[in-house]
Amino acid sequence: MSLPKIVGKRIRECRRKKNWTQEQLAEAASLHNSYIGSVERGDRNISLETLKKIALALDVPAGELVQSEEALDKQRLLDEHLKLVSGRKAEEIALITKITRDVIWGMEMRGN
């Protein structure tokens with residue numbers, strides 16, 4: 001998928017999470033609503049300044065709007081893992097790390 005399509009898809013997802021219309025996002029970002037539609041379809045290669053306006057309007061980091069779904073999934077899983085180990089004793093973290101390594105090693109051996 002092309003970068004404009006990835007960005008457009010992410011913008012649409014973030015806009016919908018806020019239950020906003022394209023018109024509401026356009027107003028919040030000081031852009032025209034037809035422009036938002038073309039961005040969401042991936043028809044436009046937007047500037048960094050426009051990306052910043054949209055990110056600020058959506059209240060999300062601009063980097064989140066350019067990440068692929070796979071990268072976002074990895075980040076979400078990493079965040080979840082960090083929550084699991086947060087506040088644990090060093091021994092518990094070492095055990096979790098060992099289990100994770102064993103699982104990954106086993107998956108690599110099976111070719112997954």
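**Helices and their packing**

Helices here are DSSP runs (H or I, at least four residues), numbered from the N terminus. Just after α7, Gly111 takes a positive phi of about 85°.

This is a predicted model, in which local features need pLDDT of at least 70, side-chain atom pairs count only at pLDDT 80 or more, and totals for chains, interfaces and linings use all residues. Residues are numbered from 1 along each chain as its sequence is written, and side-chain values use heavy atoms, with hydrogens and water left out. The predictor's confidence in each residue is its pLDDT, from 0 to 100. The chain averages 90, and 99% of the residues score at least 70.

Two packed helices are described by the angle between their axes and the distance between the axes. The axes are lines fitted to C-alpha atoms, for helices over the stretch in contact, and the angles run from 0 to 180 degrees between N-to-C directions.

Helix α1 (residues 3–17) packs on helix α4 (residues 48–58) at about 20°, with the axes 10 Å apart. The two are therefore roughly parallel (angles under 35 degrees; over 145 is roughly antiparallel, 65 to 115 roughly perpendicular and the rest oblique). In the contact (heavy atoms within 4.5 Å), α1 supplies Val7, Ile11, Cys14 and Arg15, and α4 supplies Leu51, Ile54 and Leu58. Six of these residues are nonpolar, none is polar and one is charged. Ala, Val, Leu, Ile, Met, Phe, Trp, Tyr, Cys and Pro count as nonpolar, Asp, Glu, Lys and Arg as charged, and the others, Gly among them, as polar.

Helix α4 also packs against α2, at about 110° and with the axes 8 Å apart. This pair is therefore roughly perpendicular. Leu25, Ala28 and Ala29 of α2 meet Lys53, Ile54, Ala57 and Leu58 of α4. By class, this contact has six nonpolar, no polar and one charged residues.

What angle do α2 and helix α3 (residues 33–40) make? Their axes cross at roughly 110° and come within 8 Å. Gln22, Glu23, Leu25 and Ala26 of α2 touch Asn33, Ile36, Gly37 and Glu40 of α3. That contact divides into three nonpolar, three polar and two charged residues.
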